[in-house]
Every structure is written in C-alpha cells, then in structure tokens.
Amino acid sequence: MYFAALLARTEDGWEASDTELDDVETLSDLADLAREASPDDDTVLVLIEQEDAWFGVVRIDGEDDPRIYVSDAAAAARSSYGEILLTNELLGREPGDDGADLDSLDLDGTEDGEPADDNDDGGTAAEAVPHSPVGDSEILDDLGVTEKELRALDADDALSSIAEALGASEVLETVR
C-alpha cells in the first residue's frame, strides 16, 4: 500500500494535499507536480511511503533541482514509485550504466536457453542497489529534522514523524 502527499510551505504554515502519482513517470514530472502546489516558489515536500518497506522525501525549492532522500534503495527499486526517485545520479551511476554492454556479456552458448554449468546469475540491477538509505540525508536539516533523526526513522511511521517535526502533522493527517 502506497501513500503520497505534498506539503507546501506557505506564509500561513504548511498546506497538505493528497496526490496521485499514476501519471508521474519521471522525477521531472514529480517536480513539476510539486511546483504546481506552490505558486510562490516556496518549499514543497513530496512524501512517499510504501507501508513498512521504505519512504522517500523529495524537496523542491522553487526552480532548484529536486533534492531526494530514500530510506531503503533496494526496497524502493522494487516499487514503481521508488524507481522514479532512484535516478542514476542518486545511485552514483553514470548515465547509461543501467544495462550491460555487449563487450561485458558472457556469450558462452547458454543464451539460447541451455542451462549454465555454474550458478553465476551475473547479478541484476536490483542487486546493485544498496539495502540502505541513499540521497541527501540533510534534506530536512533546516526544517527541524536532522540527518541522524531522518536515518533513524522507521518506514512505518516516518512520514508522521517528519510532519510532526515540521508542525504539519494535523494537515498531513487530513489527507491520509
């Protein structure tokens, strides 16, 4: 089960809105959606969680590039919403590293469906993603959630804890 919400900082405090991510295919789409929530170029946080598995925070400050934090990259990689956040840059990959090139393939005849003799599965892209947090762990420092506090959050109550620290727990609960 997924939950996603936008928290936009305004002169009057935080405003929350439930958001549907079905039409969001890229990080750029997500950033555009967040910017629409704040016509004054204020800070907007996109909070995403998959129940008991992982959570992510995307911070948009005006036209600046989005800042991203994901609590468990490997868990998020198995999620369609998580894949939006796990950019090559965030994972420390060069653009185009997501597929093997022909020079590195082991073409030993087993590619035609014959079983391989050894148990080497060659690794998958998901295995290359760490079972740990990735991204900007200082993303919420100036808003009252330190790096240490962010890393210590459990996926099952992280968004509520973040909202509480921001003074936005009531507005978040109204869209939950």
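**View 1. Glu 173 and its salt bridge with Arg 176 in a predicted model.** Glu 173 is partly exposed at a relative accessible area of 41% (partly exposed lies between buried, under 20%, and exposed, over 50%; 1.4 Å probe, protein chains only). Its partner is Arg 176, with the closest N and O atoms 3.5 Å apart (a salt bridge puts a side-chain nitrogen of Lys or Arg within 4 Å of a carboxyl oxygen of Asp or Glu). In this predicted model, local features need pLDDT of at least 70 and side-chain atom pairs count only at pLDDT 80 or more, while totals for chains, interfaces and linings use all residues. Residues are numbered from 1 along each chain as its sequence is written, and side-chain values use heavy atoms, leaving out hydrogens and water.

**View 2. The salt bridge between Arg 176 and Glu 49.** The closest N and O atoms of this pair are 2.7 Å apart. Arg 176 lies in the segment after α6 (169-175) and Glu 49 in strand β3 (residues 43-50), so the pair ties together parts 127 residues apart in sequence (helices, H or I, have at least four residues and strands, E, at least two, as DSSP runs numbered from the N terminus). Arg 176 is partly exposed at 41%, whereas Glu 49 is buried at 9%.

**View 3. Asp 32 and Arg 35 in helix α1 (residues 27-36).** Their side chains meet in a salt bridge of 3.8 Å, N to O. The two residues are 3 apart, or about one helical turn. Asp 32 is partly exposed, with 39% relative accessibility.

**View 4. Arg 59 in strand β4 (residues 54-61).** Arg 59 is buried, with a relative accessible area of 4%.
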